[in-house]
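Dear colleague,

Please find below the structure that I am handing over to you. My notes on what was found in it follow directly after.

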Amino acid sequence: MTRARAWLLASGPLILAACHGGQHPLDPASPQSRAIANLFWVMLAIAAAVYVVVLALFGYASLHGRRTRPDPERPTVIPTHSDRTLARWVGGGVAITVLILVAVLIAELGVSRVLSANPARMMTIDVIGRQWWWEITYADADPSKVAKTANEIHVPVGVPVQLRLASRDVIHSLWIPNLRGKKDLVPGYVTNTWFVADTPGVYRGQCAEFCGHQHAKMALYVVAEPRDAFDRWLEAQRQPALPPQDSLAKVGRQVFMSGACSNCHAIGGEPAYGTVGPDLTHLASRRSIAAGVLPNTRGHRAGWIVDPQSIKPGARMPSNQLGANQLQALLAYLETLK
Ligand code: CUA
């Protein structure tokens, strides 16, 4: 086996494996994303075919072309009998190019139709881009049923979901590759995008428009789950935080309410109304903190509270000089926010 063949055989599965994952446009989990992925494969196939044909023609011309070197003493005479052959080749090339362009245009129009079809009944979720996190609101006509969260969207499988997008500061762009293409979030302007997740799973989304220092660390998770699991989740998110029972957590609650935390963060049912940072009512139920940057564990929460600037320099969250006892109490309290 030659080296090149061995390399190809070894890397083939890797190349194919790279086509799957929680943040991958070629691993679609919605009809919208599937249409985009199919268009990609069609265009890739056409481009590959053109590439192979051009290489083959080039090879043929190299092997069968005129071998004699031009004689500087005699002017080059192009044989006239090949004019018609040449015209046929050029004409054929133009015709094939036009055919390919028309075929791609038709395929593209088909994808646009899939993307722009607006179902009459959709569930609406508000997403606000902030430097550098995502504010998520499940609006409801009844204010007691409004749920607020951050950096994590839950959607029921099979239900069309409309995302109403806005921005508080600069232009962001929401891209959840497995579910839908990009859509900008523009300050002072509301944009919309929609999708139907048809495969349960956890998908990662990412800000796709440079929006400042921590643009790369502005991610979110989309959890697509069966309707009943989603309903249970939403009902839990609508509830205010339960008062802590444990004595350490009670101290932690005091640290939160009397310190800097409550100036920037809100907790439902508690005297904490800050809107600078994410709503923390059900913080412990989320997968990540700091907008998809850290897993939501006790240790990561501690590191983030004490020194967020070393993890995400430039973020609005300041460092917090807490004593060890205060920090442990605060961590115990945050763990109760399920
Ligand atoms: Cu927000 Cu990039």
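Two bridges connect strand S6 to strand S9 (residues 201–207), and these two strands run antiparallel. In that pairing, Leu-174 faces Cys-207 of S9 as its opposite residue. Please bear in mind that this is a predicted model.

Strand S6 and its surroundings

Strand S6 covers residues 172–176, and four of its five residues are buried, so the strand is largely enclosed by the rest of the structure. S6 also pairs with strand S7 (residues 180–185), in the antiparallel sense and over four bridges. A hairpin of three residues links S6 to S7, and Ile-176 stands opposite Arg-180 of S7.

The second largest cavity belongs to this part of the description, with a volume of about 50 Å³. Its lining includes Leu-174 and Ile-176, together with Arg-180. Leu-163, Trp-175, Gly-181, Lys-183, Thr-193 and Phe-195 also line the second largest cavity. S6, S7 and strand S8 (191–196) each contribute at least two residues to that lining. By class, the lining holds five nonpolar, two polar and two charged residues.

The nonpolar cores

The largest nonpolar core has 31 residues, and those touching the most other members are Ile-125, Val-127, Trp-134, Tyr-138, Ile-153, Val-155 and Leu-163. At least two residues of this core come from each of strands S1 (123–130), S2 (133–138), S4 (152–156), S5 (160–167), S6, S9 and S10 (219–225), and from helix H4 (227–238). A second, separate core numbers 24 residues, including Ala-241, Cys-261, Leu-327 and Leu-334.

For Val-155, neighbours within four places in sequence being left aside, the contacts are Ile-125, Val-161, Phe-195, Ala-197, Val-222, Val-223, Ala-224, Glu-225 and Phe-230.

The largest cavity

Across the whole structure, the search finds two cavities of 30 Å³ or more. The largest cavity holds about 550 Å³ of space. It is lined by 31 residues, of which His-265, Pro-278, Leu-280, Trp-304 and Met-317 are the closest to its centre. Helix H6 (261–264), strand S13 (288–289), helix H7 (298–306) and helix H9 (324–336) each supply at least two residues of the lining of the largest cavity. H7 provides the largest share, three residues. By class, the lining of the largest cavity comprises 21 nonpolar, six polar and four charged residues.

The largest pocket and helices H2 and H3

The largest pocket has a volume of about 250 Å³. Helix H2 (31–64) and H3 each give at least two residues to its lining, and H3 gives the most, with six. Among the lining residues are Ala-49, Val-50, Val-53, Val-54, Leu-57, Trp-89, Ile-96 and Ile-100. Eight residues of the lining are nonpolar and three are polar, while no charged residue is present.

Helix H3 (residues 83–116) also contains Val-111. Is Val-111 buried or exposed? Its relative accessible area is 11%, under the 20% limit, so Val-111 is buried. With neighbours within four places in sequence left aside, Val-111 is in contact with Ala-35, Ile-36 and Leu-39. The C-alpha atoms of Val-111 and Asn-38 are 8.8 Å apart, although 73 residues separate the two along the chain.

With kind regards

Conventions: Residues are numbered from 1 along each chain as its sequence is written. This is a predicted model: local features need pLDDT of at least 70, side-chain atom pairs count only at pLDDT 80 or more; totals for chains, interfaces and linings use all residues. Side-chain values use heavy atoms; hydrogens and water are left out. Buried means under 20% relative accessible area, exposed over 50%, partly exposed in between (1.4 Å probe, protein chains only). Two strands pair if DSSP finds at least two bridges between them. Contact means heavy atoms within 4.5 Å. On a 1 Å grid over the protein atoms alone, a cavity is a set of points where a 1.4 Å probe fits but cannot get out, and a pocket is an open set with protein on both sides within 12 Å along at least five of seven lines; lining residues have an atom within 4 Å of a point. Grid points are joined across faces, edges and corners, and a volume is the space filled by probe spheres set on the points. Ala, Val, Leu, Ile, Met, Phe, Trp, Tyr, Cys and Pro count as nonpolar, Asp, Glu, Lys and Arg as charged, and the others, Gly among them, as polar. A nonpolar core is a set of buried Ala, Val, Leu, Ile, Met, Phe, Trp, Tyr and Cys residues joined through side-chain atoms within 4.5 Å.
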